[in-house]
Amino acid sequence: MELWNDSTRRGGNSTSGEPEGGAGGAAGGPHLALRSGLAVTLTLITLATALSNAFVIATTYQSRKLHTPANFLIASLAVTDLLVSILVMPVSALYTVSQTWTLGQVVCDIWLSSDITCCTASILHLCVIALDRYWAITDALEYSKRRTVGRAAGMIATAWVIAISISLPPFFWRQVRAEEVTSCNVNTDHVFYTVYSTFGAFYIPTLLLLALYGRIYVEARKRILKQSRNKPGKRLTSARLLTDSPGSVASSASLNYGTAAAEDAAAQQQVKVTVSDALLEKKRISAARERKATKTLGIILGAYIVCWLPFFVYTLLLPACAACFSAALFDMFTWLGYLNSLINPIIYTMANEDFKRAFHKLLRFRCCRA
């Protein structure tokens, strides 16, 4: 997400050129190797992001079992992150490696709009998913009646409307430059917009995520503790029926009715009947799932904060401290934020058993066709 003043971004400082003469030529080799390595790394990240999100979309489409409102929200997040990998990351990779803008004003405007809109929509999708899970766990009975595809579509549309409303304002005061465009960034001379965009795209959603996941964690812990208390269910029991005891003939016959073993009932000395404790096993599995879900929530929130917090803190700091700007640091924080679009499909699908099974089935199907 590009949010910095044109005059201080790449290509804006004419005094920072290459050293003249032999020194510049000597530095050219290592510098070229560094840029080539950077280009390969950013290309691999972009391709991995596109493929992982495309697989999530394809898996959701192929598996009817995944056609639920909750999974549609995850698929919509994958679509948003796929758009980031297609519309934003390739251009950003070129810009990061070349350190100058060569694609003209029109492409610059389209790219900036796509960058801010898609990245903000991706973040807001995390809020939508958290809100859906919060309602599902705190008001399960009532929310199950309202948890429809139409409601999910409305939540998705709201996320996109908010994202677009954050990306549009800079274009009302953007000036079309007659000279050659060498940098492409949102002009943040308007401090109000910087505060509005950073709070709308990150700080408010982050506070919402912390509050929602905090409540979800508390509810999950309550369920785990409740299931861990000593509430006796059925115990594992075994019944031994002796053939020479009263009523044993009828019991043995009823247990072996309709089978060939009924003919040998007289030769059997005992029949063992084992009753499994299904209730206790169900509680154990449920508690294990709650623990896994709690850990997953921590991973999701931790990855999101690690990826986006540095960028938005740095962006909010720059208008007050122009001397703090570093192109290399800005690029690193920007790509760390983009990396969240690669992490999202991995976390959300690997934590979902239905997704994993459908994903493996899709891979096997593709391999067999190949």
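The largest cavity of this predicted model is lined by Asn-53, Val-56, Ile-74, Leu-77, Ala-78, Asp-81, Asn-344, Pro-345, Tyr-348 and Thr-349, where a cavity is a set of points, on a 1 Å grid over the protein atoms alone, at which a 1.4 Å probe fits but cannot get out, and lining residues have an atom within 4 Å of a point. At least two residues of this lining come from each of α1 (22-62), α2 (69-98) and α10 (340-350), the helices being DSSP runs of H or I with at least four residues, numbered from the N terminus. By class, the lining comprises six nonpolar, three polar and one charged residue, with Ala, Val, Leu, Ile, Met, Phe, Trp, Tyr, Cys and Pro counted as nonpolar, Asp, Glu, Lys and Arg as charged, and the others, Gly among them, as polar. The space in the largest cavity amounts to about 40 Å³, a volume being the space filled by probe spheres set on the points, which are joined across faces, edges and corners.

Over the whole structure, two cavities of 30 Å³ or more are found.

Residues are numbered from 1 along each chain as its sequence is written. Local features need pLDDT of at least 70 and side-chain atom pairs count only at pLDDT 80 or more, whereas totals for chains, interfaces and linings use all residues; side-chain values use heavy atoms, with hydrogens and water left out.

The structure holds 17 aromatic pairs, defined as rings of Phe, Tyr and Trp (its six-membered ring) with centres within 6.5 Å, and classed as stacked for planes under 30 degrees apart, edge-to-face for over 60 and tilted for the rest. The pair of Trp-335 and Tyr-338 is edge-to-face, because the ring centres lie 5.1 Å apart and the planes stand at 85°. Both residues belong to helix α9 (residues 327-338), where they are three residues apart, about one turn of the helix. Trp-335 is buried at a relative accessible area of 7%, and Tyr-338 is likewise buried, at 0% (buried means under 20%, with a 1.4 Å probe and protein chains only). Ring pairs also link Phe-199, Phe-202, Tyr-203, Tyr-304, Trp-308, Phe-311, Phe-312, Phe-325 and Phe-330 into a cluster.

The chain has a mean pLDDT (the predictor's confidence in each residue, from 0 to 100) of 77, with 69% of its residues at 70 or more.

How values were computed
Buried < 20%, exposed > 50% of the residue type's maximum accessible area, 1.4 Å probe, protein only. 1 Å grid on protein atoms, 1.4 Å probe; cavity = no way out; pocket = protein on both sides within 12 Å on 5 of 7 lines; lining within 4 Å.
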